[in-house]
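Biologist: I've got a model open and want to talk through a few spots. Can you walk me through it?
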Amino acid sequence: MSGASSATMPLRARAAIVGVGESDQIGRLADKSAQQLHMEAARNALADAGLGPGDVDAVFTSGRNMANEVPEYLGIKPRFVGGTQVGGCSFLVHVEHAMAAIAAGVCSVALITHGESGYSRIGMPRQRWGDDSVNNQFEIPYGAGGPVIGYGLAATRHMHEYGTTSEQLAEVAVAARAWATLNPRAFSRNPLSIGDVLSSRLIAWPLHLLDCCLVTDAGGAVVLTSAERSRDLPAKPIYVLGAGTSLTHQMVSQMPNFDRWDAAERSGAAAFAMAGVSPRDIDVAEIYDAFTIVPLLALEALGFCGRGESGAFVTGGRIAPGGEFPMNTNGGGLSYTHTGMYGIFLIVEAVRQLRGQSGDAQVNGAELALCHGTGGEWSSAATLILSTHD
Amino acid sequence: MSTTYTGPLPVPTPESRPFWDAAKQHRLSLPYCESCKRSFFYPRPFCPFCFGEDVSWRDSCGRGTLITFVINHRPPRSFPNQDPLVIGIVELAEGPRLMSQIVGVEPSPDHVVCDMPVEVVFDDVTAEVTLPKFRPTNRATPL
Ligand SMILES: [Zn+2]
């Protein structure tokens with residue numbers, strides 16, 4: 001790899017992912033709290049890393065409660081903590097923060113953990129926004145109370161501006177399902193056609209039910225340490241070559257543009273610059289698909305295709321198994337699992353691909369992966385570039 | 001006016017109270033920065049463009065453009081009826097954008113289109129709360 005040196009990009013490849021894990025089951029789990037899902041994922045990721053809770057000196061997590069909740073539940077007393085909550089991509093942001101902390105020498109082993117009872121709602125807070133929040137004043141009274149509204153607003157404008165079609169949006173869901181049929185852990189594995197997506201009921205035009213992600217219960221966790229220490233651990237180190245974050249708004253009414261994703265343009269440019277690679281170098285992409293429109297705007301913002309070209313880009317099976325652009329190889333939030341804050345699963349699947357552990361969905365020879373997430377309603381964007389080589 | 005309105009209602013803060021008080025009087029009032037001479041939204045006691053704190057209130061002409069929209073076929077269960085809602089982003093002639101409902105039009109993409117001109121209407125949903133909504137108009141947006 002070329003283009004970025006340690007002098008100009010001091011975080012590049014300084015940290016590596018040495019463990020990934022998920023809760024013992026994922027899906028609809030009526031007998032497990034969100035906290036237990038954290039624990040199972042953390043336990044499994046640490047075991048994968050050949051480490052134990054006593055080795056962890058930094059915990060990153062993201063919920064609606066104090067960041068103390070999860071370390072206490074796990075019995076860990078960290079000396080470094082991250083509680084950044086910028087929506088579903090928060091865990092990608094945690095990777096950037098963890099790599100900075102590891103490179104600065106203020107922590108050694110960082111545990112990033114997610115647990116969410118998104119479907120069963122066990123151990124979950126009841127209310128998202130206060131009665132006098134700006135959301136509850138300026139968006140929710142109009143009936144704009146869910147993410148399908150915010151994401152759909154960009155779909156409508158993209159269709160208006162570029163002629164993007166419902167069929168092209170459906171391609172994203174169909175490809176995700178095709179990947180899910182290769183993954184025994186995926187929640188939805190029945191075959192899916194474009195016609196099935198288009199004939200599912202409208203939730204918020206232009207988005208149909210099958211343009212929308214699953215709602216499930218699951219946990220996921222990732223363990224990072226320094227590149228040096230990673231070489232002494234059992235798993236093949238997966239180096240973090242690049243990371244980028246951008247926030248542009250909280251409420252979708254404050255989004256700068258609706259036919260392009262400014263935050264993703266910035267996070268992607270930062271990640272590619274740090275990594276010293278370009279979009280054409282990426283072997284496998286895991287892109288947050290809370291709704292089918294999200295990967296379309298992301299593909300344009302990240303430079304995989306030109307502005308307005310994403311609908312054509314995904315058509316004809318290009319992102320499906322066997323296509324030239326393997327994307328969302330676990331089945332994605334549309335068919336694998338989606339707890340509410342899906343971002344951790346992007347990282348877990350990218351690491352599995354780079355280790356060659358993705359079973360029937362393995363992309364042969366994958367050495368360079370991109371993870372890209374959204375948070376809120378296009379509000380936050382975070383991009384990671386992961387590699388088998390430093 | 002309905003006394004049985006069950007939908008979610010805004011609860012003002014001190015900084016947003018003038019907006020909601022004006023709405024009740026059927027005025028769409030926007031905070032205006034006296035330093036950089038721009039209206040902005042949502043209400044804050046300083047300007048998000050220049051951080052200036054010399055902020056006054058100016059009434060909007062009430063006309064603007066529909067930037068984008070969705071047709072929500074699953075309104076929140078608390079809403080008084082479950083008919084599809086057109087929810088959109090309006091860019092006012094003065095510049096600011098806000099979320100609102102588009103009313104007085106068939107909730108169908110055959111009748112609602114991006115960039116269509118809209119004008120404010122005031123929906124007195126309760127005795128205390130008026131929600132500014134928008135409807136299509138043929139009147140051109142002033143520059
Ligand atoms: Zn100003």
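Modeller: First, terms: helices (H or I, at least four residues) and strands (E, at least two) are DSSP runs, numbered from the N terminus. This is a predicted model, where local features need pLDDT of at least 70, side-chain atom pairs count only at pLDDT 80 or more, and totals for chains, interfaces and linings use all residues. Residues are numbered from 1 along each chain as its sequence is written, chains are lettered from A and ligands numbered from 1 in the order in which they are written, and side-chain values use heavy atoms, with hydrogens and water left out.

Biologist: OK. Which helix is A:Leu46 in?
Modeller: A:Leu46 belongs to helix 1 of chain A, residues 34-49.

Biologist: Is A:Leu46 buried or exposed?
Modeller: A:Leu46 is buried, because its relative accessibility is 4%. Buried means under 20% relative accessible area, exposed over 50%, partly exposed in between (1.4 Å probe, protein chains only).

Biologist: What is A:Leu46 in contact with, leaving aside neighbours within four places in sequence?
Modeller: A:Leu51, A:Gly52, A:Pro53, A:Val56 and A:Val223. Contact means heavy atoms within 4.5 Å.

Biologist: And how far is A:Leu46 from A:Leu111 in space?
Modeller: They are 8.1 Å apart, C-alpha to C-alpha, and 65 residues apart in sequence.

Biologist: Which strands does strand 8 of chain A pair with?
Modeller: Strand 1 of chain A (residues 15-22) pairs with strand 8 in the antiparallel sense over 2 bridges. Strand 11 of chain A (residues 380-387) also pairs with strand 8 in the antiparallel sense, over 8 bridges. Two strands pair if DSSP finds at least two bridges between them.

Biologist: What are some residue partners there?
Modeller: A:Ile17 is opposite A:Ile238 of strand 8. A:Gly242 has A:Ile385, in strand 11, as its bridge partner.

Biologist: Now chain B. How many helices and strands?
Modeller: Chain B has 1 helix and 8 strands. The order from the N terminus is α-β-β-β-β-β-β-β-β. Its radius of gyration is 16 Å, close to the 15 Å from the globule rule for 143 residues, so chain B is as compact as a globular protein of that length. That radius is taken over C-alpha atoms, and the rule is 2.2 Å times the number of residues to the power 0.38.

Biologist: What does the C-alpha trace of chain B span?
Modeller: About 45 × 35 × 20 Å along its principal axes. Of the 143 residues of chain B, 48% are buried.
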